Amino acid sequence: MKNIFKLIMLGCVALMSLQLTSCDKPNVNDMDSEAIPSIKYIRPTDPAMADQLLTSAAMGDVIAIIGTGLEGVVSILFNDVEAELNPALITTNSIVCSVPAVMPTVISNTMTLTTGKGNEVVYDFAVEIPKPFVSSVDCEWAAPGSTMTFTGQYFYPFVESNTFNVTFPGG
């Protein structure tokens with residue numbers, strides 16, 4: 001019984017020492033970091049595809065940004081849409097995040113990383129916007145010259161007005 005108690009105590013001491021040493025990570029998620037972010041490459045997070053480099057990704061894809069000085073990044077814009085960042089997935093050399101699944105209003109095909117100190121880096125990266133998807137039509141038998149309402153997603157570049165004209169075969 002004494003030996004079991006000693007083993008449990010030894011295990012607890014070892015675990016506590018590991019916890020204390022893991023708290024000494026320098027500059028990880030440091031909003032006051034003076035580092036200027038630099039991106040080396042972007043890759044998929046799927047281990048089977050980790051050797052592929054990305055220049056674009058679809059809306060909603062999870063990507064890994066690899067570089068240096070990334071610990072102070074507090075904001076990433078894909079085109080003009082801000083990505084949600086998890087501080088636990090930001091290190092000095094990598095950031096794992098999802099490409100926003102929200103339609104941009106301005107397509108610049110860039111990614112902008114901003115630190116807590118205001119340092120920025122702009123990187124060429126395209127977001128692949130899906131083809132328009134029509135989920136419903138208000139009236140399938142509209143008379144010539146009448147108005148039909150299409151409901152769906154990804155009607156770019158009609159995001160701002162949400163209206164557009166469609167000409168069917170035969171005028």
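This is a predicted model: local features need pLDDT of at least 70, side-chain atom pairs count only at pLDDT 80 or more; totals for chains, interfaces and linings use all residues.
In the hairpin of E4 and E5, Asn 79 takes a positive phi near 60°, with 2 residues between the strands. Residues are numbered from 1 along each chain as its sequence is written, and side-chain values use heavy atoms, with hydrogens and water left out. Here is a tour, from the overall layout down to single residues.

**Overall layout**

- The protein has 1 helix and 11 strands; helices (H or I, at least four residues) and strands (E, at least two) are DSSP runs, numbered from the N terminus.
- Along the sequence, the pattern reads α-β-β-β-β-β-β-β-β-β-β-β.
- Of the 171 residues in the protein, 24% are buried; buried means under 20% relative accessible area, exposed over 50%, and partly exposed in between (1.4 Å probe, protein chains only).
- Among contacts with a separation of 6 or more, 58% come from residues 24 or more positions apart, where contact means heavy atoms within 4.5 Å.

**The sheet around the hairpin**

- An open sheet of 4 strands runs in the order E5-E4-E7-E8, with antiparallel pairing; two strands pair if DSSP finds at least two bridges between them.
- Its edge strands are E5 and E8, each of which pairs on one side only.
- E4 pairs with strand E5 (residues 81-82) in the antiparallel sense over 2 bridges.
- Across that pairing, Phe 78 stands opposite Val 81 in E5, and Leu 77 stands opposite Glu 82 in E5.
- E4 also pairs with E7, again in the antiparallel sense, over 5 bridges.
- Leu 77 has Thr 112 as its bridge partner in E7.
- As background for reading the model, side chains in a regular strand alternate between the two faces of the sheet.

**A second open sheet**

- Here 3 strands line up in the order E1-E3-E6, with antiparallel pairing.
- Strand E1 (38-44) and strand E6 (94-98) are the edge strands, each pairing on one side only.
- From one strand to the next, the twist averages 25°; axes are lines fitted to C-alpha atoms, for helices over the stretch in contact, and angles run from 0 to 180 degrees between N-to-C directions.
- Strand E3 (residues 62-68) and E6 run antiparallel and are joined by 5 bridges.
- In this sheet, Ile 66 stands opposite Ser 94 in E6.

**The aromatic pair**

- The structure holds 1 aromatic pair; rings of Phe, Tyr and Trp (its six-membered ring) pair if their centres lie within 6.5 Å, and planes under 30 degrees apart count as stacked, over 60 as edge-to-face and the rest as tilted.
- Phe 78 and Phe 125 form this edge-to-face pair, at 6.0 Å centre to centre and with 65° between the planes.
- The pair links distant parts of the chain, 47 residues apart: Phe 78 sits in strand E4 (residues 73-78), and Phe 125 in the loop between strand E8 (120-124) and strand E9 (126-128).
- Both Phe 78 and Phe 125 are buried.

**The salt bridge**

- A search of the whole structure finds 1 salt bridge, meaning a side-chain nitrogen of Lys or Arg within 4 Å of a carboxyl oxygen of Asp or Glu.
- The side chains of Glu 34 and Lys 117 form a salt bridge of 3.7 Å, N to O.
- Glu 34 lies in the loop between helix H1 (2-22) and E1, and Lys 117 in the loop between E7 and E8, so the pair ties together parts that are 83 residues apart in sequence.
- Glu 34 is exposed, with a relative accessible area of 57%, whereas Lys 117 is partly exposed at 43% relative accessibility.

**Two residues to look at**

- Ser 56 is in strand E2 (residues 56-58).
- Not counting residues up to four places away in sequence, Ser 56 touches Phe 125, Ala 126 and Glu 128.
- Thr 115 belongs to strand E7 (residues 110-115) and counts as buried because its relative accessibility is 3%.
- Not counting residues up to four places away in sequence, Thr 115 touches Ala 35, Pro 37, Gly 72, Val 73 and Val 74.
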